[in-house]
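Please look through the structure below with the sequence beside it. The text that follows goes from one region to the next.

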Amino acid sequence: MPTEPDACAVAHGEAESVPAERTLVAVFASPVARYLLRYAADLGYHPVLFEPDAARATDAPEGVEVRTTPPDPGPDADVVVTDHHRTELGAVLQSALTAEARWIGVLGNPRHPGPHVEALRALDVPEPDIARVHRPVGLNIGSRTPPEIAVATLAGLLADRNGRPGGFAF
């Protein structure tokens, strides 16, 4: 089994790190999804936009896989729902939970109740499965704009994937 090169050598371009296979599924076309998918590609993710409305599915960065039917994300995938106001919210989350995605989250203000909880309960999704859905997502950096939200979200995903707490705690 090959060993991971020294992080300093990778940062200086003296060695290459081969990232693990991973997928980022942004659910619903939105300004945040555009940035999330663009930045995810730079971080070694296979970026996928899942937008069930074909008319909206055209709003994706170049090189991003676009799906109008639910993908089967699998255990190497992180799924981020970028619009919690959509009527398809419960069904989309139920599909991601069934596919056993590695991580599932819904963007939204933590000061407001997450609409995903009631949407999943209405579909008789068990409470332990509902608890797998993260909200809020990302690191708490005070992000407000779509690019800032995308950076915070991806930083949180990387911290979680690498078993780190995020932020400045070392």
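By class, nine nonpolar, nine polar and three charged residues make up the lining of the largest pocket. The model is a predicted one. The space in this largest pocket comes to about 590 Å³. Of the 21 residues that line the pocket, Gly108, Asn109, Pro110, Pro136 and Ser143 are the closest to its centre. Helix α6 gives the largest share of the lining, three residues.

Pro136, named above, sits in the loop between β6 (133-134) and α6. The peptide bond that leads from Arg135 to Pro136 is cis, with omega near 0°.

Is His116 buried or exposed? Its relative accessibility is 5%, and because buried means under 20%, His116 counts as buried. With neighbours within four places in sequence left aside, His116 is in contact with Leu89, Leu93, Val106, Val133 and Arg135.

For helix α3 (residues 89-98) and α4, the angle is about 75° and the axes are 8 Å apart. Angles of 65 to 115 degrees count as roughly perpendicular, so α3 is roughly perpendicular to α4. On the α3 side, Leu89, Gly90, Leu93, Gln94 and Leu97 take part; they meet Pro115, His116, Ala119 and Leu120 of α4. The residues of this contact divide into six nonpolar, three polar and no charged.

Rolling a probe the size of a water molecule over the atoms shows where empty space is left. How many cavities of 30 Å³ or more does a search of the whole structure find? The search finds one. The space in the largest cavity is about 70 Å³. Its lining consists of Val25, Val27, Phe50, Pro70, Pro71, Pro73, Val79, Val92, Ser95 and Ala96. Both β1 and α3 supply at least two residues of this lining, and the largest share, three residues, comes from α3. By class, the cavity lining has nine nonpolar residues, one polar residue and no charged residue.

Phe28 lies in the loop between β1 (23-27) and α2 (31-42). Its phi is near 80°, a positive value in a residue other than glycine. At 0% relative accessibility, Phe28 counts as buried.

Asp124 is in the loop between α4 and α5 (127-130). With a relative accessible area of 68%, Asp124 is exposed, whereas Phe28 is buried.

The last stop is Gly166, in the segment after α6 (146-161). Its relative accessible area is 19%; because the cut-off for buried is under 20%, Gly166 is buried. Which residues does Gly166 contact, leaving aside its neighbours within four places in sequence? They are Leu139 and Ala159. Gly166 and Leu139 are 27 residues apart along the chain, and their C-alpha atoms are separated by 6.7 Å.

Note on methods:
Residues numbered from 1 in each chain as written. Predicted model: local features only at pLDDT ≥ 70, side-chain atom pairs only at ≥ 80, totals over all residues. Heavy atoms only, no water. Buried < 20%, exposed > 50% of the residue type's maximum accessible area, 1.4 Å probe, protein only. Contact = heavy atoms within 4.5 Å. Helix = DSSP H or I, 4+ residues; strand = E, 2+ residues; numbered from the N terminus. 1 Å grid on protein atoms, 1.4 Å probe; cavity = no way out; pocket = protein on both sides within 12 Å on 5 of 7 lines; lining within 4 Å. Points joined across faces, edges and corners; volume = space filled by probe spheres on them. Nonpolar A, V, L, I, M, F, W, Y, C, P; charged D, E, K, R; others polar. Axes fitted to C-alpha atoms, helices over the stretch in contact; angles between N-to-C directions. Parallel < 35°, antiparallel > 145°, perpendicular 65-115°, else oblique.
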